[in-house]
Amino acid sequence: MEVGEPDVRYRLEKMFKQEACERSLTSILVWSDYMEFILRQQQGKLPYLYLPFHGKGGARAFFTTRLGGVSRGCYSSLNLGYHTGDQTDAVTVNRRLAAQTLGINDERFVTVDQVHGDRVLAIESERDVVAKKGSMADAMVTHLQDVALTILCADCQAVYIYDPLQRVIAVAHAGWRGTVTRVAANCLQVMAHLYGSRPRDCRTALSPAAGFCCYEVGESVCAAVKEAFPGLWQGLLAKKDTDRWHFNISQANSLVLQDAGVIKENICISKLCTICRQDIFFSHRGSKGATGRMAAVLVQ
Ligand SMILES: [Zn+2]
């Protein structure tokens, strides 16, 4: 398996040489220029995608792949979702493997009962870490350290938000419903209300998801997108070679973040499509529903 990190280092070095060397790197590059999900695999551990927010000591964003677990068949192999029809024991082993690889204690993962809604759960105390696990919500916000906010997905997009000034993190589960109801903007509102976060200070990232290349949608989704993004939907929906509409979910979530005040240069968008790359990702669409789940994890 190819490890992406040296490649990024090479690109950075190349860019640095091309630009005037006396200028500092930070004055040449904007955040999203050099921030991208990197494939990592340490010896004997699982491969995963990684995004270090704001360098050392900042938040860490992870996105697991389907590789390296013990589940079989359509759940092969690193299925992290219990509500998929897979064997419970296998998912438990997979979650332990993922926790070990990411260096996070099992008990510090917080997941929610995802319902394609727009509700944001605030984890405001150590008590909440235990008490609010499994609550019905599609997004989470916390200022706590070592609390791994986790969204499970297979084609839906995970939105990661980090405020390096107030030291607050948030994740959101955004399928087409969460995107048109602006669940990511709700996170920013809760962050502002509880912690005084300003969207313009936030660094954000959009996970691998069903890509524009493959994400066919029907008339009802088109109608919802047109209603949610009046005047802008033409850039989000297009007919490809077939007669079906395709939806650009990454671009839509980027617009949601920008509308809420996030600076475009602070939005990192993964280019990986979960439907194209079923060799490394679970895809709900690609497998017609019977499949596993990846985890999008954000921790500081
Ligand atoms: Zn694709």
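Two residues are in contact if their C-beta atoms, placed from the backbone, lie within 7 Å. The structure is a predicted model, in which local features need pLDDT of at least 70, side-chain atom pairs count only at pLDDT 80 or more, and totals for chains, interfaces and linings use all residues. Residues are numbered from 1 along each chain as its sequence is written. Helices (H or I, at least four residues) and strands (E, at least two) are DSSP runs numbered from the N terminus.

**Confidence**

- The average pLDDT of the protein is 91, and 91% of the residues score at least 70; pLDDT is the predictor's confidence in each residue, from 0 to 100.
- In residues 1-6 the pLDDT is below 50, and this stretch has ten contacts in the model beyond near neighbours in sequence.
- Residues 18-22 also have a pLDDT below 50, with one contact in the model beyond near neighbours in sequence.

- A nonpolar core is a set of buried Ala, Val, Leu, Ile, Met, Phe, Trp, Tyr and Cys residues joined through C-beta atoms within 7 Å.
- A residue is buried if 20 or more other C-beta atoms lie within 10 Å of its own, exposed if 12 or fewer, and partly exposed in between, with C-beta atoms placed from the backbone.
- The largest nonpolar core has 82 residues, and the members that touch the most others are Ala 139, Met 140, Tyr 160, Ala 170, Val 171 and Cys 187.
- Helix H7 (residues 183-195) supplies the largest share of this core, seven residues.
- Beyond its neighbours within four places in sequence, Cys 187 contacts Val 120, Ala 139, Val 141, Ile 161, Ala 170 and Ala 172.
- Buried residues of H7 are Val 183, Ala 184, Ala 185, Asn 186, Cys 187, Leu 188, Val 190 and Met 191.
- The packing partners of the buried H7 residues are S5, S6, S8, S9, helix H6 (176-180) and helix H9 (249-259).
- H7 lies across S5, S6, S8 and strand S9 (168-174), and runs at about 155° to S9; axes are lines fitted to C-alpha atoms, for helices over the stretch in contact, and angles run from 0 to 180 degrees between N-to-C directions.
- The 13 residues of H7 should span 18 Å at 1.5 Å a residue, which agrees with the 18 Å between its end C-alpha atoms; the expected span is 1.5 Å times one less than the number of residues.
- Gly 196, with a positive phi near 75°, follows H7.

**Six-stranded sheet**

- Two strands pair if DSSP finds at least two bridges between them.
- An open sheet of six strands has the order S5-S6-S9-S8-S10-S14, with mixed pairing.
- Strand S5 (120-123) and strand S14 (267-269) are at the edges with a single partner strand each, so one side of each has no neighbour in the sheet.
- On average, neighbouring strands of this sheet are turned by 15° against each other, direction ignored.
- The pairing of S5 with strand S6 (residues 139-142) is parallel over four bridges, and Ala 122 stands opposite Val 141 in S6.

- Six of the six residues of S7 are buried.
- Ala 148, Thr 150 and Leu 152 point one way from S7, while Leu 149, Ile 151 and Cys 153 point the other way.
- S7 pairs with strand S4 (residues 109-110) in the parallel sense over two bridges, with Phe 109 opposite Ala 148.
- S7 also pairs with strand S15 (residues 294-299), in the antiparallel sense over five bridges; Ile 151 has Ala 296 in S15 as its bridge partner.
- Ala 154 sits in the loop between strand S7 (148-153) and strand S8 (157-163), and is buried because it has 25 C-beta neighbours inside 10 Å.
- Not counting residues up to four places away in sequence, Ala 154 touches residues including Thr 274, Phe 282, His 284 and Met 294.
- Ala 154 and Gly 289 are 135 residues apart along the chain, and their C-alpha atoms are separated by 9.5 Å.

**Backbone exceptions**

- Most residues other than glycine have a negative phi, and most peptide bonds are trans.
- The peptide bond from Ser 76 to Ser 77 is cis, with omega near -5°; Ser 77 is in the loop between strand S3 (60-64) and helix H4 (88-102).
- Asp 146, in the loop between S6 and S7, has a positive phi near 55°.
- Asp 146 is exposed because it has 10 other C-beta atoms within 10 Å.
- Lys 288, in the loop between S14 and S15, has a positive phi of about 55°.
- Lys 288 is exposed, with 9 other C-beta atoms within 10 Å.
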